[in-house]
Amino acid sequence: MKKVRILIAKPGLDGHDRGAKVVARALRDAGFEVIYTGIRQTPEQIVNTAIQEDVDFIGLSCLSGAHNTLFPKVVELLKEKGADDIIVFGGGVIPAEDVEFLKSKGIKAIFGPGTTTEETIKFIKENIKGE
Amino acid sequence: MGGEVMDDKNEILKEKERWENSTVKKSLEKFPERKREFETFSKIKIKRLYTPADVNYSYLKDLGFPGEYPFTRGVQPTMYRGRLWTMRQYAGFGTAEDTNKRYHYLLRAGQTGLSVAFDLPTQIGYDSDHPMAEGEVGKCGVAIDTLRDMEILFDGIPLDKVTTSMTINSTCAIILAMYIAVAEKQGVPTKELKGTVQNDILKEYIARGTHIFPPEPSMRLVRDVILYCKDNLPQWNSISISGYHIREAGATAIQEVAFTLANGITYVQKIIEAGVDVDEFAGRLSFFFNSHNNFFEEIAKFRAARRLWAKIMKERFNAKKPSSMMLRFHTQTAGCTLTAQQPDNNIVRVTLQALAAVLGGTQSLHTNSRDEALALPTEESAEIALRTQQIIGYESGVADFIDPMAGSYVVESLTNEIEKGAMEYIKKIEEMGGVMKAIELGYIQKEIADSAYAYQKAIENKEYIVVGVNEFVKPEEPPKKILKVDMEKELYQKEKLRKVKESRDNSKVKEKLKILKEVAKTDQNIMPAIIDAVKALATLGEISDTLREVFGEYKEM
C-alpha cells in the first residue's frame, strides 16, 4: 500500500508558519509523508505542487484573514485540473461563520486555534481512501 | 531588629539542608509535590526554595542603580514615578479612512502613542491592485499605496504632538519617506518627529516572513534608514530590534533574548562598518519584546536583556555614552497564548502578562484584545485592553516602585540564568559565523521550530494546562461580535489607487523612479531618492519593483 502523502501549504502573504510547521512535523511523526511548501504560495503554485507530488491531502494554513478568497480558489483549481480527489483541509485564525462558508466551498475540515495535532491525525486516518 | 542582618551563606545552606531532611521530608510523605520536577518554559530547573544562598550577585556590579550602567534596574532614574510607560495599542485595518477613525477613538480614550499595523501587501511591497494582494488588502492592517493614503491616515493628528510607531520592515524606507512627507505638509520639522520604525529585517528571515530582497541589500536599506534618521530625525528610533515575533514563532525566553541581541550585534557591526562611531547612533536603537505566561521568568528576561545589552555595548563595542548602552524596549503581550475558547479569559492572561512587562520596566506596552485568536479586535475589545493598562498604571500601585522585584531570590536567580543561557547561544552563533550565516544554515529557525513543537506536545500531554483548551473545557457558542474587513474595502482601495495614478504627473514619477534605480545601484543613502519618489506620488509597489530590479528577490530555502 502506498504511503499517504500530505502537502502542507501556506497560501497568501502571511508569514505565521508556526502552526503549519508544527502540524507538518506531527503528521510526519505519525508516519505520513509530508511536504511543506514554505510561505507565500499562490493557489496555482499549491495545486501544481500537489499534483506533481501526487498527494492525497492538502492542508492550508492562513492567519491573515484572506482564507475566504484563497482556500476556495485552491479547491476550484483542483477541480479544473481534474485533481479533486485530493482532500483539502485548513487551519488558522478563522471565525466560525467563515468555517461554514469554507465547508460549502469544498474544504473538508477547518481546524482552529487550540486544535490538537491528534485531532488532525485522526481526521487524516478517517479520510484515507480505501485501496 | 539587630544590627548584624547579613547571615552567613554557608549557615543558610546548612539550615536549608536540615529543613529539606526534616520538615520537607515529613510533609512530602503526606503531600507529594504536583510534579517530580518543575521547570520554566526555557527549561530552567526550578528549585524547591530560593534563599540568599541560592543566588549570586554583587549588588553594585550586577544591579546598580536605575538609569545607570548596567541598567538592570531600569533605564530611567525614577522609572514610572516620573511618567508611566507609553500605552501604545497596535492598530490598523481596512483603508486609511477606517484606521484614522480608530486612531482618533484610541487617542480620545487616553492612549498616549500610535502604533500602525500595515496590511501584508504594504509590508511586502505590493500595491492593492497586484494579483498577490488579492484577498489581503486591509486584512491584518491598513492598506497604504501612495502618499495620499498616508495623508488620510494621519488626518487631524498633529505629528509634533503624538509619537508614532510603525511596524514596517522591507518597505520601511518607503513608509518612513511618506511619514516625513506628511510631516512636511503639516509644517512639522523632521527634527521634532518622535516615533519608531521597526526596520528589523533579520527577524523577518528568522520568524516573521515579510522579507522581499536578499539579506545583503536588505541590510543596506536598514543601514540607510538608521543613518538618515541619525542626521535628520534625531529623536526617532530608527530600528526596533524585535524578539516579539521570534517568541511568537515558538522560541523560549532565553532564545528570545539570545536571537534578538545577536541581531542587535549584527546591526551595530553594520553601522560601524559604514565608518560611524558607535556613540553617534546606538542611543537611537530600540527593542521590542514579548510578554508571555511564565510570570517570574518574563520579569527576569527583561532585566537580563537590559544587563546583557549594556555589557555588550560597553565591553565589546566600547560605547562611552550611557544612552548607547541602554536597552529601551516596547512590549506586547503574547498573542500566541490567546485562546479562541472562552475568549474572555484572555483578558486575565493579558493582565498578568502586562503586569510582568511593567515589573520588568518596559518603556511602552501593547495589550492584546480578548478576541484576537478569532479576528482583529472590535472597538469594545480594544478598549478593555487599553483599560487593563490604565488599571495597572493608575490603580494597582505597582508604578510607584522602581524595579520592585529586585532582590527577590527567585527573580535575581532567573535573571542570572537567562543572561547566561543567552550568552551561550550568542557565542554559538558567532562561532557559526554570525547571524546571517546561522540564518542561511537554518540553525536559528530550527531551534525555534523545535521549541514550538515541544510546547505543542507539552500542551497535548497536559504538562502545560491551558484553561478552556485542554482543561476546564465547556461547550460554547462562538462569539457573535467580531470585526470583519469586507471585500468592498479592497475594491474601494483599488479605485482610490487608480484615481491617483490617473491624476498624477506620470512623467515626473518615471523620472524619479529612474533616479532611484541609479542610486540603488550605488552605495549612496537611498532615503532622499525615495522621499522624492513618494512626493511625486510614485506608489509603494512601483518603488518596491524598482528596487526588486536592482536587488533581486529572496527565495526561502
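Where chain B meets chain A, the contact draws 30 residues from chain B and 25 residues from chain A, two residues being in contact if their C-beta atoms, placed from the backbone, lie within 7 Å. The structure is a predicted model, in which local features need pLDDT of at least 70 and side-chain atom pairs count only at pLDDT 80 or more, while totals for chains, interfaces and linings use all residues. Residues are numbered from 1 along each chain as its sequence is written, and chains are lettered from A and ligands numbered from 1 in the order in which they are written.

On the side of chain B that touches chain A, the elements giving two or more residues are α4 (120-124) and α18 (443-460) of chain B, where helices (H or I, at least four residues) and strands (E, at least two) are DSSP runs numbered from the N terminus. The largest share of that side, 5 residues, belongs to α18(B). By class it holds 17 nonpolar, 7 polar and 6 charged residues; Ala, Val, Leu, Ile, Met, Phe, Trp, Tyr, Cys and Pro count as nonpolar, Asp, Glu, Lys and Arg as charged, and the others, Gly among them, as polar.

Chain A itself has 5 helices and 5 strands, which follow the pattern β-α-β-α-β-α-β-α-β-α along the sequence. Its radius of gyration, taken over C-alpha atoms, is 13 Å, close to the 14 Å that the globule rule gives for 131 residues, so chain A is as compact as a globular protein of that length; the rule is 2.2 Å times the number of residues to the power 0.38. Of the 131 residues in chain A, 52% are buried, that is, have 20 or more other C-beta atoms within 10 Å of their own C-beta atom, these atoms being placed from the backbone.

Within chain B, the axes of helix α10 (residues 253-273) and helix α12 (residues 295-316) come within 10 Å and cross at roughly 25°. That makes α10(B) roughly parallel to α12(B), a term for angles under 35 degrees. The residues of this contact divide into 9 nonpolar, 1 polar and 4 charged.

The loop between β7 (285-291) and α12 of chain B contains B:His292, which is buried, with 24 other C-beta atoms within 10 Å. Leaving aside residues up to four places away in sequence, B:His292 touches several residues, including B:Ala253, B:Glu298 and B:Ala334. The C-alpha atoms of B:His292 and B:Ala334 are 5.1 Å apart, although 42 residues separate the two along the chain.

Definitions and conventions
Axes are lines fitted to C-alpha atoms, for helices over the stretch in contact, and angles run from 0 to 180 degrees between N-to-C directions. Angles under 35 degrees count as roughly parallel, over 145 as roughly antiparallel, 65 to 115 as roughly perpendicular and the rest as oblique. A residue is buried if 20 or more other C-beta atoms lie within 10 Å of its own, exposed if 12 or fewer, and partly exposed in between; C-beta atoms are placed from the backbone.
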